[in-house]
Amino acid sequence: MAQQQMAQLNGRVIDASGAAVPNAVVTVANPGRGISVKVTSDDSGNYIVPLLPPDDHYTISVTKEGFKETVQHDVSLQVAQTAKIDL
């Protein structure tokens, strides 16, 4: 049986001063593939989204009460890549 190659996305959620933002909701979506994954940043602002199929059209958004939403469009993930994107 063939093994499917996946990618991983991780990074850190920080505010304008560079301080960590814990408990922020990070949503990774790819509507064309029917993917929408939500994770929450840890106490250090870190997040990890494993097991994503490679594609060029991911959107990453970060929300937390009291902060403006941040969105990054057209994020590319390659086979076996661990992409680091700080938001």
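Me: What does the chain average in pLDDT?
Reply: The average is 94, and 95% of the residues score at least 70; pLDDT is the predictor's confidence in each residue, from 0 to 100. Residues are numbered from 1 along each chain as its sequence is written. In this predicted model, local features need pLDDT of at least 70 and side-chain atom pairs count only at pLDDT 80 or more, while totals for chains, interfaces and linings use all residues; side-chain values use heavy atoms, without hydrogens and water.

Me: In what order do the 4 strands of the open sheet come?
Reply: The order is β3-β2-β5-β6, with antiparallel pairing. Strands are DSSP runs of E, at least two residues, numbered from the N terminus, and two strands pair if DSSP finds at least two bridges between them.

Me: Which are the edge strands?
Reply: β3 and β6, each of which pairs on one side only.

Me: How many bridges join β5 and β6?
Reply: There are 5, between residues 55–63 and residues 70–77. Ser61 has Val71 as its bridge partner, and Tyr58 stands opposite Val75. The hairpin has 6 residues between the strands, and Gly66 takes a positive phi near 90° there.

Me: Switching to the core: which residues touch the most other members?
Reply: Leu9, Val26, Val28, Tyr47, Leu52 and Ile60, out of 20 in the largest nonpolar core. Such a core is a set of buried (under 20% relative accessible area, 1.4 Å probe, protein chains only) Ala, Val, Leu, Ile, Met, Phe, Trp, Tyr and Cys residues joined through side-chain atoms within 4.5 Å.

Me: And what does Val26 touch?
Reply: Its contacts (heavy atoms within 4.5 Å) include Val37, Tyr47 and Ile60, not counting residues up to four places away in sequence.

Definitions and conventions: Buried < 20%, exposed > 50% of the residue type's maximum accessible area, 1.4 Å probe, protein only.
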